[in-house]
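Please open the model in your viewer and keep the selection tool at hand.

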Amino acid sequence: MKLDLDMYYWLVKINVIQELPINNLFAHVDQILEEQFLNGIIVSQVLKQFDQKIDVDVKQGNSNGIRLFNWNNICKSLQQINITLDDDIKISIVKGDSQMLMQFLKELKQHYDMAFYVEEQVSTTTRFNSQQNEPQEIGIDEIDSEKPLNQTQSLLEFIIVSLCKHFNIKPKQAVGLLNQNYKQLSNILIKGNKGFKSVINWLMELSKHINHIIKFVTYKIDILLSLLKAGLVSQNAEVCYWTLYIIEGIVINLPQKELLEDVYAWLIREHGGLIVLILSQQRYHQYLEQVCKIYSVVSQYNVFDFFDVQLRKILKSGKEYIDFINGIIQTIQIRDQMQELNLFELFASYAVKLFEPQHTTMERMTALKYFEHYWVFYPQQFVINQMEQYLLNSRKATRESSFAMRIFTYQSLFRILDNLALQKDKYAALLYKKLVFSLIENFDQKEVREFLVANFLMLIKKYSTIPIDILIIPMVKQLQIEQNEIQINIVDFQLLKSVCTHPKIDVNVAILMLDMLSKLYLSSIMFYQLAFQQIQLLLTRFIKSNPVQEFTFNLVKIAISEYYGNYQEHLKNNPKSILNRNPDENIKRQQFRSQIISLIKFIINLRSFELNELIKPVIAHFYLEIQQNLKTESKALFMLLGHFGDPQEILQEEQKKSQQINQQSQNPIFQTQIVKSQFQGSKVYQVQQNLNHSKSNKGIISQRDDPFKELRDEATKPTLTMLGNLSLNYDEQSLLKQFELL
């Protein structure tokens, strides 16, 4: 097992473990010590450092039973210091998950820093001495606790009177709170005084008299700041808010630059205010803007020293340092000064080192997070070299074995793309194409694919000008590959539905989608209803287009021929026979025929006169073929004919035409030439030939920069593939002959 150096140095410092052999990144733990970590003995010793009264009953041994006993007792002891351990994490540690154990120890270390270390730090500041800051000596007995605060004559008098007023104590008791370097007052600020109501009221009273307080801090302002410091890490969020409010008000309203230098000295000194502000920022993210304002005001004359020297003294690991920068990069108010000093480029160099392979997944995620923030918030300073470096690192990250790393990287890329699209940045198109390529690359990875499709769905809904064909053409091609075992899922249908209603979709893409959806409708029991919804949207929108009408007519011919074959198989199995042992197959056949009738009925009800005139004789012809060849009648087809008028009259007309067609079909050369000339002259054929060369609407990326040109050139033409060798253009007689062979 390996220990991070930060964790190792902390455990050595609090005398829990002895010194171990280390390298530049880790401390190596032997097997005996690893067992003590996993069975909870080390953690019990850490808890002893929180409070000597905590005595955890732990046993020696490394069996799962002993581990579970020890960790159950540890969980009880953790409650004494207001820490809870999730049951799932506990079970993982009992089973030997060292990574989960390290994560818990990091959380424990953070609680230790906040609850114990900080209390110790706030007590090591300069002792409060009225003679250092007051114009005259004032005896404690002379202080009037009922005196209005705005009439007090010194900082000591102001503090004592305010404490007496809000905590119902006498002046001597108030002085007791300030003794021992404000230790008792710090405990009250952190843990409360039978609750936090009196503490909050006291701080609110101080906030009303900031201008009065500033009169008394002509020098040694660190006395007041040290007195309030413990409130920054209070267990109560409102106490932290009002403490930040007071400190912010003081540093903003200081009358002299020299006083601001004194505040900076207090901030960066050992056991000063910086570490407490960092802990406050980590605990209460909602007050980040106030914390950043204090950073900005206090460090405005020492920007480089603050960010590259003082912060690195406290945040020694690269991850902690870049995490801190990630937290403030959007909010810090001195961005212009930081840019002038090239600090963002400096942070980028640290992030590049942090992304190197020897670092952990979490550290490398932190590095990628910085580049994301840098590109999003400062696109003008994010130069080409840095952009290329980030995209290269992102590409490596998306191909790692770690699922968390891959998802984190894709999420970061989509956030950048969202921001670039919002700003109408020219690099949005480049990033969009790279993400589409990633979707195709990960099409067989179900979880990654679902994540990518869900994010593309968000983009399509948000931006109406997005070039839809770049995404949908390669995606539909992947869904149509017969050898691929990919299963379409719900999120795919959500994306397809959004595409169906997108203003940028054109007839070519619509026909391509209709082809894929028709195949799915006629082959999937699970998803046929969802496919039908998308087919309805597309046909309703594009039915007036001649290519779509011709495609729809061919779809009807293929669907009704499938109906004929299914009906023929149904009669062969004789579902009414007692010997029929496949009732489920009969039900499936009935369901399939019902799907076909629903599809044709919907197409007829679109009331496209030209299309219906083509469909009517096809339905009539197959009705007659069923009647003649299968010696039965199809009530469903007869019902469909009723939508065109009197079914009997339509059937009589068709019988006459069939006789004429049979006479012409006796000349095979003549028939072949007609079929070939019809197909090459059809609009569907033209769509197939021109699909890859069609230009999108305004705002689409040019094909010169299109990485999917090859995909477009090889894209599946809008032809139904679910029927094997059946052609799109054939007459009814050839259909019958093929089914007879079946």
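Helices here are DSSP runs of H or I with at least four residues, and strands are E runs of at least two, numbered from the N terminus. This is a predicted model, in which local features need pLDDT of at least 70 and side-chain atom pairs 80 or more, while totals for chains, interfaces and linings use all residues. Residues are numbered from 1 along each chain, and side-chain values use heavy atoms, without hydrogens or water.

Next, show W202, Y295, F307, Y370, F456, M513 and L637, which touch the most other members of the largest nonpolar core, a set of 200 residues. Such a core consists of buried Ala, Val, Leu, Ile, Met, Phe, Trp, Tyr and Cys residues joined through side-chain atoms within 4.5 Å. Apart from this core lies another, of 35 residues, including Y8 and L101.

Finally, move to R593 in helix α31, residues 583-605. R593 is buried yet has no salt bridge, meaning a side-chain nitrogen of Lys or Arg within 4 Å of a carboxyl oxygen of Asp or Glu. What does the side chain of R593 make a polar contact with? The partner is the side chain of N566, at 2.8 Å, where a polar contact is a pair of N or O atoms within 3.5 Å, one able to donate a hydrogen and the other to accept it, and residues adjacent in sequence count only if both atoms are side-chain atoms.

Notes. Buried < 20%, exposed > 50% of the residue type's maximum accessible area, 1.4 Å probe, protein only. Lys, Arg positive; Asp, Glu negative; His and termini not counted.
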